Amino acid sequence: MSRNKQLLNQLNQYKQFESQQNDFFKIFSQSPIGTSTWNWILISPRSEKSQVFLPLSTGTNLTKDYEPLFLLKLPPGKSCDLETSVKVTAKAGVFITKVGAISVAPVYVLFHLSGNNYLYQVWINHYGGDMSPSPLDKLQKMPYLTLLLIEEKPQPERLIKIDNQINWSSLKAKVESVNQWNLAAFNAVKSLGFSAQELWNRTTEKEVKKTTITKLNDRFRNGDKSLGEYRMSRQVLALPRKKQKELFKEIQDFSNFTPENDPKGLHEMGKVTIDGVEYIWKIDYLDTSMIMLSDAPEDINKTTRVLLVIRADER
């Protein structure tokens, strides 16, 4: 019997233990199509039936018997419809952002299966708790990645292994470049993060930087002051408080970016009109000392954004 079939048979045994409180496969089988996640799988058989599969843990009791496993939710019958030899493309990166005063750097992993219309997006939080072994350490040493396909039934449908060509050591270095974060910050970042398609389209370092700067500028303009501060000219400061709020609401809602007014595509400047008066807003990038210009506006650890609002006739 092949190694893949042995592991799949072992995983199928898990359906015998539905009385367990945390039936992970059953819960995952009820998730929306296109859902994906990762977990630890026990690869060495043990006598205790309850240890066939271990749901996600942040404890320190994991041994070398466990390996990270990626679970993908497919449409009903799709695992059989896929090509006999499924071509899988995998990409990974680190999404560094800030939640309040906490910097967070979770890892995202993307999978695309030939014959399937979904991009499967997995977020890994390995630096927010006491997790041993780190999944990144394990993944770095593994010659292959294991994907488990699940449909509507609380049991695996198909297991696929692909060559592990991701540079996990580089990702780990980026993760550990920021301080440890907590689970609440990690979950907040996931909700703010790029969609799977946006992450998939990040094909060059230049595009990565541009996309990140634009996203951060939009977040900042929409009210996330953890990224910087707002400043107003004297004419704007002289406006009644109610008018100031109205003005900033117009700036937050601004979306008319065109090649003419936003040639770089960074969403860093715009013009709005209140009561027939034109106002200009602009985002500048300073270093953390607020003295010099930042040389890395895509890096929130090196950049303080400043949004300046002036009347058009003040230029």
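Hi everyone, let me start with a lysine: Lys91 lies over the face of Trp200, 4.3 Å from the ring centre. Lys161 does likewise with Tyr144, and there too the distance to the ring centre is 4.3 Å. Please keep in mind that this is a predicted model.

Now to rings that meet other rings. A pair of aromatic rings is described by how far apart the centres are and by the angle of the planes. With centres within 6.5 Å as the rule for a pair, the count here is nine aromatic pairs.

Let me walk you through two of them. In Phe254 and Phe257, the ring centres are 5.0 Å apart and the planes stand at 85 degrees; over 60 counts as edge-to-face, so that is what we call this pair. Both Phe254 and Phe257 are buried.

Phe254 also pairs with Trp281: here the centres are 5.9 Å apart and the planes at 75 degrees, so this pair is edge-to-face as well. What parts does the pair tie together? Phe254 sits in the loop between α10 (241–253) and β12 (269–274), while Trp281 belongs to strand β13 (residues 277–286), so the contact joins parts that are 27 residues apart in sequence.

And are these two buried or exposed? Buried means under 20% relative accessible area. Phe254 has 12% relative accessibility, so it counts as buried. Trp281 comes out at 0%, so it is buried too.

One last stop, if you have the structure open: look at Phe95, Tyr108 and Trp123, which ring pairs link into a cluster.

Key. Residues are numbered from 1 along each chain as its sequence is written. This is a predicted model: local features need pLDDT of at least 70, side-chain atom pairs count only at pLDDT 80 or more; totals for chains, interfaces and linings use all residues. Side-chain values use heavy atoms; hydrogens and water are left out. Rings of Phe, Tyr and Trp (its six-membered ring) pair if their centres lie within 6.5 Å; planes under 30 degrees apart count as stacked, over 60 as edge-to-face and the rest as tilted. Buried means under 20% relative accessible area, exposed over 50%, partly exposed in between (1.4 Å probe, protein chains only). Helices (H or I, at least four residues) and strands (E, at least two) are DSSP runs, numbered from the N terminus. A charge sits over a ring if NZ of Lys or CZ of Arg is within 6 Å of the ring centre and within 35 degrees of the ring normal.
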